[in-house]
Amino acid sequence: MLDKKHRFPRELSGGEQQRVSIARSIVKNPKLLLCDEPTGALDFSTSREILKLLQKINKDFGSTILMITHNNAISDMANRVYKVRSGEIVESIVNKTTMPAERIEW
């Protein structure tokens, strides 16, 4: 995205805006990342790269990542999964092993 460094946000696509938002949120090495549909506006390949990056941040820096998504396939890479319906937790799952992001299919 270096070719877009002098562009205004309104001149970027939705996916480009989303990638910039993700980059801005991780640049300061936060202890907690709140991710609401982080792959929602991205193509499959870019989505996988973002998920790999989030896994790496969690592993390398110990950041806690709270991800909200409708994509059930992503739950296989999570340590804990909470399913919510009508504002209430209806299921809590602990994954003993997590799947690497590059193996996630949807």
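**Reading a predicted chain, starting at a hairpin**

Author: Let's begin at a turn: in the hairpin of β3 and β4, with 2 residues between the strands, S86 takes a positive phi near 55°. Helices (H or I, at least four residues) and strands (E, at least two) are DSSP runs, numbered from the N terminus. This is a predicted model, where local features need pLDDT of at least 70, side-chain atom pairs count only at pLDDT 80 or more, and totals for chains, interfaces and linings use all residues. Residues are numbered from 1 along each chain as its sequence is written, and side-chain values use heavy atoms, with hydrogens and water left out.

Reader: How do strands β3 and β4 pair, and over how many bridges?

Author: The general idea first: two strands pair if DSSP finds at least two bridges between them. Here β3 (residues 80-85) and β4 (residues 88-94) run antiparallel to each other, with 6 bridges. If you want a spot to look at, find V81, which stands opposite I93 in β4.

Reader: Back to S86, then. Is S86 buried or exposed?

Author: Buried means under 20% relative accessible area, exposed over 50%, and partly exposed in between (1.4 Å probe, protein chains only). S86, in the loop between β3 and β4, has a relative accessible area of 76%, so it counts as exposed. Its phi is positive although S86 is not a glycine.

Reader: Which phi does N29 have, and where is N29 found?

Author: N29 has a positive phi of about 55°, and N29 isn't a glycine either. You'll find N29 in the loop between α1 and β1 (32-36). N29 counts as partly exposed because its relative accessibility is 38%.

Reader: What is S63 in contact with?

Author: Contact means heavy atoms within 4.5 Å. Leave aside the neighbours within four places in sequence, and S63 touches N29, P30, K31, I57 and N58. S63 sits in the loop between α2 (44-61) and β2 (64-68). Why is S63 called buried? Because its relative accessibility is 1%.

Reader: And G40, where is that, and how far is G40 from G14?

Author: G40 belongs to the loop between β1 and α2. G40 and G14 are 26 residues apart in sequence, yet their C-alpha atoms are 9.5 Å apart in space. At 58% relative accessibility, G40 is exposed.

Reader: Zooming out, how many helices and strands does the chain have, and in what order do they run?

Author: There are 2 helices and 4 strands. Starting from the N terminus, the order is α-β-α-β-β-β. The C-alpha trace spans about 45 × 30 × 25 Å along its principal axes. Of the contacts with a separation of 6 or more, 47% come from residues 24 or more positions apart. As for burial, 25% of the 106 residues count as buried.

Reader: What about the surface and the charges? How far apart are the mean positions of the charges?

Author: Accessible areas come from the Shrake-Rupley method with a 1.4 Å probe; for residues, only the protein chains shown count as cover. The total here is about 7,900 Å², with 51% belonging to carbon and sulfur atoms. For charges, Lys and Arg count as positive and Asp and Glu as negative, while His and the chain ends are not counted. Each charge is placed at NZ of Lys, CZ of Arg, CG of Asp or CD of Glu. The chain has 17 positive and 13 negative charges, and their mean positions are 6 Å apart.

Reader: Where is confidence lowest, and where is it highest?

Author: pLDDT is the predictor's confidence in each residue, from 0 to 100. Its mean over the chain is 90, and 100% of the residues reach 70 or more. Confidence is lowest in helix α1 (residues 14-26), at a mean of 83, and highest in β4, at 97.
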